[in-house]
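Please read the points alongside the coordinates.

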Amino acid sequence: MAKKLALIASKGTLDWAYPPFILASTAAALDYEVQIFFTFYGLTLLKKDVSDLKVSPLGNPGMPMPVPMPNLVQMIPGMESMATMMMKQKIADKGVASIEDLRAACLESGVKLIACQMTVDLFDFKPEDFIEGIEFGGAATFFEFAGESDVNLFI
Amino acid sequence: MEFDKELDARGLNCPLPILRCKKGLAEIENGQVLKVMTTDPGAIKDFQAFCKQTGHELLSMEQSESETVFHIRKRAA
């Protein structure tokens, strides 16, 4: 029987979009059955357009910067866009996949993507905001699969 | 070494070489050999782990300065 991986994706920034999609697509390649449950800001990763995902250096002292930059400078308008632009450039330069590509790879390999119904309602999202092929469900839906999974991760 | 299909994954980074390899294996018959060229330094460990977990046979792994070439035989079933 195939191994199972259950992920919760709770964050909606460009950097945190990578772990769930990388792990899910790789697990699928290793013949795992995979489900990702998207909740709160993670729902952003299921939107049709994910090209506007951003990364913020603000309040993130662990982010490598070309020059040391205090929070006071990072809060200047435009800094977030600049950091995002630089990150995207690096991603392209290093041959790292785009989020669109990784998500497509997940769908293609049969990874089940589930949007948390409660947070969809909370944020007033519409089903048509999201890509095709996803499902909607609650915590009990997650546990139905997670309860019999070999690996469970909260991201 | 002889192979049935060649896959160029040079310039791609984790997890793309593995994802492409998986796709490549789906396009050949059981028992056939896929050749994969990579530049991702992480591929060396990843391809061994991939083969160990999926049952495909890692026939060879040739490292040169900047590239690693793998030959993988698709598992019987």
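1. On pairing: two strands are taken to pair if DSSP finds at least two bridges between them. The model is predicted, and the points that follow should be read with that in view.

2. The sheet of chain A. By that criterion, five strands of chain A make up an open sheet whose order is β4-β3-β2-β1-β5, with parallel pairing. Its edges are β4 (135-137) and β5 (151-154) of chain A, each of which pairs on one side only.

3. Pairing at β5(A). How many bridges link β1 and β5 of chain A? Strand β1 (residues 4-9) of chain A and β5(A) are joined by four bridges in the parallel sense. Within this pairing, A:Ile8 has A:Phe154 of β5(A) as its bridge partner.

4. A helix across the sheet. Helix α6 (residues 139-146) of chain A lies across β1, β2 (33-38), β3 (112-116), β4 and β5 of chain A. The helix runs at about 150° to β1(A).

5. Helix α1 of chain A. This helix covers residues 14-29, a total of 16 residues. From first C-alpha to last it reaches 23 Å, close to the 22 Å expected at 1.5 Å a residue. Just after α1(A), A:Asp31 adopts a positive phi of about 70°.

6. Burial of α1(A). The buried residues of this helix include A:Ala17, A:Pro20, A:Phe21, A:Ile22 and A:Leu23. Also buried are A:Ala24, A:Ser25, A:Thr26, A:Ala27, A:Ala28 and A:Ala29. What covers the buried residues of α1(A)? The cover includes β1, β2 and α4 (99-108) of chain A, together with α1 of chain B.

7. The contact between the chains. Chain A and chain B each bring eleven residues to the contact. On the side of chain A that touches chain B, the largest share comes from α1(A), with four residues. The residues on that side of chain A divide into six nonpolar, three polar and two charged.

8. The β-α-β unit of chain B. In chain B, strand β1 (residues 5-9) and strand β2 (residues 33-38) run parallel and are joined by five bridges. Among the residues involved, B:Glu6 has B:Lys35 of β2(B) as its bridge partner. The chain passes from β1(B) through helix α1 (residues 16-26) of chain B to β2(B), in a right-handed β-α-β crossover.

Technical notes
Residues are numbered from 1 along each chain as its sequence is written. Chains are lettered from A and ligands numbered from 1 in the order in which they are written. This is a predicted model: local features need pLDDT of at least 70, side-chain atom pairs count only at pLDDT 80 or more; totals for chains, interfaces and linings use all residues. Helices (H or I, at least four residues) and strands (E, at least two) are DSSP runs, numbered from the N terminus. Two residues are in contact if their C-beta atoms, placed from the backbone, lie within 7 Å. Axes are lines fitted to C-alpha atoms, for helices over the stretch in contact, and angles run from 0 to 180 degrees between N-to-C directions. A crossover is right-handed if, with the strands pointing away from the viewer, the path from the first strand over the helix to the second runs clockwise. The expected span of a helix is 1.5 Å times one less than its number of residues. A residue is buried if 20 or more other C-beta atoms lie within 10 Å of its own, exposed if 12 or fewer, and partly exposed in between; C-beta atoms are placed from the backbone. Ala, Val, Leu, Ile, Met, Phe, Trp, Tyr, Cys and Pro count as nonpolar, Asp, Glu, Lys and Arg as charged, and the others, Gly among them, as polar.
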